[in-house]
Amino acid sequence: AQTVTQSQPEMSVQEAETVTLSCTYDTSESDYYLFWYKQPPSRQMILVIRQEAYKQQNATENRFSVNFQKAAKSFSLKISDSQLGDAAMYFCAYRAGTYKYIFGTGTRLKVLA
Amino acid sequence: GAVVSQHPSWVICKSGTSVKIECRSLDFQATTMFWYRQFPKQSLMLMATSNEGSKATYEQGVEKDKFLINHASLTLSTLTVTSAHPEDSSFYICSALNGAGDPYEQYFGPGTRLTVT
């Protein structure tokens, strides 16, 4: 069965600094998608970035980038130049061809001014 | 584009009553919708997957007779919590896949907070 693990319940970062959130997953599939979602206090889920497993190049979206290590089944999120608005819960998610999304337990990110 | 709404955003009901939550895709046709449940400070737990015109597929451990899901049109799915009890109090979130768009991107509604007294 597929699983997604986020081992950091909470992380803190100083404003303007860089932070990396970890995510590992387990699957026997070769074709799948990985996602990072942000859930601010409003609880509206927001897609931050996604990675297709068949792509070797790491995805990047402005200040957000991932380090995708397929063999190690690792998918970390790096946030550069952290801003106060980045404070939220971050969920790593996995999806294969069954259309079912599996979410990790989340990491609460605090940004210190 | 790709907006999903939920109604109501917050509902309080008495134990033993039923409550219906609506999930609408406002500017696209949603061939597949997902219903999640989220307890405080926890992750999203998938309850069921619904496809337009078909019966919903429930995840293991989710009571299909208690959580009735109807996906009667390409823009509307409803979740009815029947005979609600305090333990059903939670945050319910729906998401939708755009049938004509990216099949791997789900669009989330803003969620519904259910409190059963």
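Is the disulfide of B:Cys23 and B:Cys94 right-handed or left-handed, and what is the torsion about its S-S bond? The points below take this up along with the interface; the model is a predicted one.

1. The torsion about the S-S bond of B:Cys23 and B:Cys94 is about 80°, so this disulfide is right-handed. The sulfur atoms of B:Cys23 and B:Cys94 are 2.0 Å apart. B:Cys23 sits in strand E3 (residues 19-25) of chain B and B:Cys94 in strand E9 (residues 90-98) of chain B, so the bond links distant parts of the chain, 71 residues apart. Both ends are buried: B:Cys23 has a relative accessible area of 0%, and B:Cys94 is at 0% relative accessibility.

2. Over all chains, a search of the whole structure gives two disulfides. In chain A the bond is between A:Cys23 and A:Cys92, with 2.0 Å between the sulfur atoms. This link is left-handed, at -70° about the S-S bond. A:Cys23 is in the loop between strand E3 (19-21) and strand E4 (24-26) of chain A, while A:Cys92 is in strand E10 of chain A; the pair therefore ties together parts 69 residues apart in sequence. A:Cys23 is buried at a relative accessible area of 2%, and A:Cys92 is buried at 0%.

3. B:Cys13 needs a separate remark. The closest cysteine sulfur to that of B:Cys13 belongs to B:Cys94 and is 18 Å away, which is too far for a bond. B:Cys13 counts as buried, with 8% relative accessibility.

4. Turning to the interface, 19 residues of chain A are in contact with 22 residues of chain B. The two chains bury about 1800 Å² between them, and 53% of that is on carbon and sulfur atoms. On the chain A side, the most area is lost to chain B by A:Arg43, A:Tyr101 and A:Phe103, which together account for 32% of what that side buries.

5. As for specific pairs, the rule finds two salt bridges across the interface of chain A and chain B. A:Arg50 forms a salt bridge with B:Asp102, where the closest N and O atoms are 2.6 Å apart.

6. The side of chain A that touches chain B draws at least two residues from each of strand E5 (33-39), strand E6 (46-52), strand E10 (88-95) and strand E11 (101-103) of chain A. E5(A) supplies the largest share, four residues. By class, the residues of this side are nine nonpolar, five polar and five charged.

How values were computed: Residues are numbered from 1 along each chain as its sequence is written. Chains are lettered from A and ligands numbered from 1 in the order in which they are written. This is a predicted model: local features need pLDDT of at least 70, side-chain atom pairs count only at pLDDT 80 or more; totals for chains, interfaces and linings use all residues. Side-chain values use heavy atoms; hydrogens and water are left out. Contact means heavy atoms within 4.5 Å. Buried area is the accessible area (1.4 Å probe) that two parts lose on being put together, summed over both. A salt bridge is a side-chain nitrogen of Lys or Arg within 4 Å of a carboxyl oxygen of Asp or Glu. Ala, Val, Leu, Ile, Met, Phe, Trp, Tyr, Cys and Pro count as nonpolar, Asp, Glu, Lys and Arg as charged, and the others, Gly among them, as polar. A disulfide is a pair of cysteine sulfur atoms within 2.5 Å. Buried means under 20% relative accessible area, exposed over 50%, partly exposed in between (1.4 Å probe, protein chains only).
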